[in-house]
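Please consult the sequence and the model while reading.

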Amino acid sequence: MADNTATKSSETPLVRLAPFNVPFIRRRQTAAVALWLVSLPTTLFFFFITCTIVFFLPWIIAYLLFVLFDIAPENGGRRFEFARRAKFWKWYSEYFPIKLIKQADLDPSKNYVFGYHPHGVISVGAWTNFATEANNFSKVFPGITCRLLTLTSNFNIPLYRDYLMAQGCASVSRQSCENILKKGPGHSIIIVVGGAGESLNARPGVYDLVLKRRLGFIKLAVRNGACLCPVFSFGENDIWDQADNPKGSKIWKVQKTIQKLSGWTMPLFHGRGVFNYDYGVLPHRRPITTIVGRPIEVKKIENPTEEQLREVQEKYIKELYNIWDEYKDIYATNRVRELTLVE
């Protein structure tokens with residue numbers, strides 16, 4: 001039974017419970033998503049429980065010292081193919097489902113800076129397609145080694161940091177980006193451009209992007225002579241609902257304060273539960289289609305002017321809108337309005 005019903009009739013029960021005869025394969029998909037969703041608290045719980053066992057204290061101290069001096073997050077991380085190719089991620093992807101489509105082949109002799117849009121609540125499409133092999137990224141783009149970049153602070157969290165790096169994630173700091181792009185042909189990065197601020201706009205049928213003032217990833221590509229490649233995920237904003245937080249409201253002010261202090265913020269989202277279709281934090285079973293657009297050739301300039309960056313940004317935005325215009329009537333039929341650059 002799908003849980004993407006748009007409206008409920010007056011006869012529909014307040015809570016739609018999942019039937020007992022749900023096929024095992026769907027239960028397995030739900031379990032995969034639920035386990036992924038609790039990966040952060042689970043790793044933290046395991047770490048703190050271990051800290052209470054005296055036998056492990058020397059190992060914990062050694063590990064924390066290692067974390068303190070570990071530079072792997074700034075150098076592409078420590079990716080393990082067995083982790084990225086685990087069958088678990090296939091089940092995870094099939095839950096929604098998620099698919100990956102390319103508009104053009106990518107030359108493996110070049111480097112790429114992928115810009116991912118929209119952020120959504122947790123960037124599920126970016127994780128599935130670029131941090132795992134659930135949709136066979138390495139076969140779709142042979143010779144391209146792409147790393148999904150996330151906040152540097154995530155690599156300060158014991159055990160969770162190692163889990164992220166095993167999946168091929170690395171720090172989004174400028175030094176990290178340049179270190180990866182200088183590793184050689186094919187080494188590329190994907191940045192969720194809108195960041196935490198854009199996550200507050202994530203609602204079904206709405207595609208409001210924070211992009212106009214985002215020049216950092218453009219400058220990164222220009223300084224390193226890497227091709228820019230827009231990536232757009234239709235359905236990314238559809239899998240969770242979010243409480244209303246109009247600009248200037250108390251909720252919005254609290255969320256923005258958290259963002260300024262920590263670099264991240266918390267959308268007040270809700271979805272479905274494990275055994276019901278109406279209440280919980282699990283995402284709804286709604287499809288996500290990730291389109292990797294055509295690459296934009298960038299001339300290498302060591303110290304580009306803002307005018308030069310704006311010129312490249314204009315080309316990037318045009319290519320992003322080309323993706324939207326080509327696929328919106330197929331994958332965004334529920335849209336409330338057209339793609340909008342709000343900032």
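## Annotated segment

The unreviewed UniProt entry annotates residues 44-69 as "transmembrane region"; UniProt positions follow the numbering used here, feature names are shortened, and annotations may be inferred rather than shown by experiment. The span of residues 44-69 is 81% helix and 0% strand, and its end C-alpha atoms are 20 Å apart. Helices (H or I, at least four residues) and strands (E, at least two) are DSSP runs, numbered from the N terminus.

## Basis of the values

The model is predicted: local features require pLDDT of at least 70 and side-chain atom pairs pLDDT 80 or more, while totals for chains, interfaces and linings use all residues. Residues are numbered from 1 along each chain as its sequence is written, and side-chain values use heavy atoms, with hydrogens and water left out.

## Overall form

The chain contains 13 helices and 11 strands. Its radius of gyration, taken over C-alpha atoms, is to be compared with a globule rule of 2.2 Å times the number of residues to the power 0.38. For 343 residues a compact globule would have a value near 20 Å, and the 21 Å of the chain agrees with this. Along the principal axes, the C-alpha atoms fill a box of roughly 65 × 60 × 45 Å.

Of contacts (heavy atoms within 4.5 Å) between residues at least 6 apart in sequence, 80% join residues at least 24 apart.

## Surface and charge

The accessible surface, from the Shrake-Rupley method with a 1.4 Å probe, is about 16700 Å², and 62% of it belongs to carbon and sulfur atoms. Buried residues make up 50% of the 343 residues; buried means under 20% relative accessible area, exposed over 50%, and partly exposed in between (1.4 Å probe, protein chains only).

Counting Lys and Arg as positive and Asp and Glu as negative, without His and the chain ends, there are 43 positive and 30 negative side chains, and the centres of the two sets lie 4 Å apart. Charges are placed at NZ of Lys, CZ of Arg, CG of Asp or CD of Glu.

Helix α11 (residues 216-224) is largely enclosed by the rest of the structure, because 7 of its 9 residues are buried. Among them are Phe217, Ile218 and Arg223. The cover over the buried residues includes β2 (112-117), α9 (174-181), β5 (187-192), β7 (227-234) and α13 (306-331). Just after α11, Gly225 adopts a positive phi of about 65°.

Ile330 lies in helix α13. This residue counts as exposed, because its relative accessibility is 52%. Ile330 and Phe234 are separated by 96 residues in sequence, with their C-alpha atoms 9.4 Å apart in space.
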